[in-house]
Amino acid sequence: MRLDRVEIRQIRLPLRFPFETSFGRTETKEFLLVSVSAGGETGHAECVADVDPFYLPETNATALHVLRDFLAPAAFDLDLAHPCDLVPAFARVRGHEMAKAALEMAVWELWARRDGLPLYRILGGRGGAIAAGVSVGLQKDTEALLDKVAGEVAAGYRRVKIKIKPGRDVALVEALRARFPHLPLMVDANSAYALADAEHLRTLDRFGLMMIEQPLGWDDIVDHASLQRRLETPICLDESIRSGDDARRALELGACRIVNVKVGRVGGFAGAIAVHDACRARGAPVWCGGMLESGIGRLANVHLQTLPGFTLPGDTSASARYFEEDLVDPPVVVSPDGAIAVPEGPGIGHAIVWPRVERATAFRETWVRP
Ligand code: OSB
Ligand code: MG
């Protein structure tokens, strides 16, 4: 298969509530929507880069540059026998996993549509449903957090993650534990601590947390290994894992016991499958993270989570928690027992509502095969 056309739209979608982490606050979801066409069929994917480089180094602007000047030309040069063929073709570009993933995922989606199959089928997953968890941002105070979590528990979510940062950690967990003694609970620090905080982080051990996500540096696994030796709570890595090899190295070093996989952070579905396989081979649980995606990226995450190594609920929650009006119809919904149905239609499996996409488009660029 040879790609005929790549189209990139810059999308702006207001969030219903601001989302706050240790690295910043997001009020509008701004992302690149990538569409690839071949032989009259088109596939779509969402890039998880943001306007700023505060989570990882990429931004929407760097992703657009790398897609336009390097990745799309490399993809146009190929006669694809499988979406995985993009991996070696993109390898010359160092890093830029989010840009690579966006184009690669769009090609997988195109592939699934062409074959009339749901995405999970070509990823090697299964139909049915996945377990939904939820990520709760920093709130204005403890009361607000307790109320928010109570709402998510009532909605059926099977696991709650809260964001923490220095000064807003142990007391929040203590209050949550007092109110929800048996809730599967975890915390995510987004790299806000240093190894010197090990003694402080050890005070979290008494709350029976499922895991602590990415407490230390975004590009570190050595200090995480030192910290893990001193903590009972399992460490889960997010930012530090950007390939299957990263997952293998982190697990072998003892830097974590659990891995969060985000397709956009590991260069695409092929990378996500490699992370999944590296974890599964070592008996480490893997779960799917989120990047406040619209329904297009959200559904891609749903399909990925049907692979057998996804043994823990992830961060994929209902569209309505983020958007007044999602870009897909129906939106992603969660059942009262915390499950999301895996779509059976071709590709991501829900219709993209193009008039809404059009209204949310700030600008677009189209490139055709030379
Ligand atoms: O660290 O998992 C993270 C959102 C943006 C950037 C990083 C992270 C997150 C989340 C939200 O935790 C997950 C979601 O609800 O999509
Ligand atoms: Mg995280």
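In this predicted model, the donors of the magnesium ion (ligand 2) are spaced along the chain as D-x24-E-x24-D. The residues concerned are Asp188, which contributes OD, Glu213, which contributes OE, and Asp238, which again contributes OD, and they coordinate the ion at 2.1 to 2.3 Å. Because Glu213 belongs to strand β8 (residues 212-213) whereas Asp238 is found in the loop between β9 (235-237) and α9 (244-253), this pair ties together parts of the chain that are 25 residues apart in sequence. Glu213 is buried, its relative accessible area being 0%, and Asp238 likewise counts as buried, at 0% relative accessibility.

Strands β8 and β9 also take part in an open sheet of seven strands, in which the order is β5-β6-β7-β8-β9-β10-β11 and the pairing is parallel. At the edges of this sheet stand β5 (134-136) and β11 (286-288), each of which pairs on one side only. The pairing of β5 with β6 (residues 160-163) runs in the parallel sense over three bridges, and Val136 is placed opposite Ile162 of β6.

With regard to the cysteines, the structure contains zero disulfides. Cys256 is in no disulfide, the nearest cysteine sulfur being that of Cys236, at 7.0 Å, and Cys256 counts as buried, with 4% relative accessibility. For Cys279, the closest cysteine sulfur is that of Cys256, and because the two sulfurs are 7.0 Å apart, they are too far from each other for a bond. Cys279 is also buried, at 0% relative accessibility.

Methods: Residues numbered from 1 in each chain as written. Chains lettered and ligands numbered in written order. Predicted model: local features only at pLDDT ≥ 70, side-chain atom pairs only at ≥ 80, totals over all residues. Heavy atoms only, no water. Donors = N, O, S within 2.8 Å, 3.2 Å for Na, K, Ca; no water. Helix = DSSP H or I, 4+ residues; strand = E, 2+ residues; numbered from the N terminus. Buried < 20%, exposed > 50% of the residue type's maximum accessible area, 1.4 Å probe, protein only. Pairing = 2+ DSSP bridges. Disulfide = S-S within 2.5 Å.
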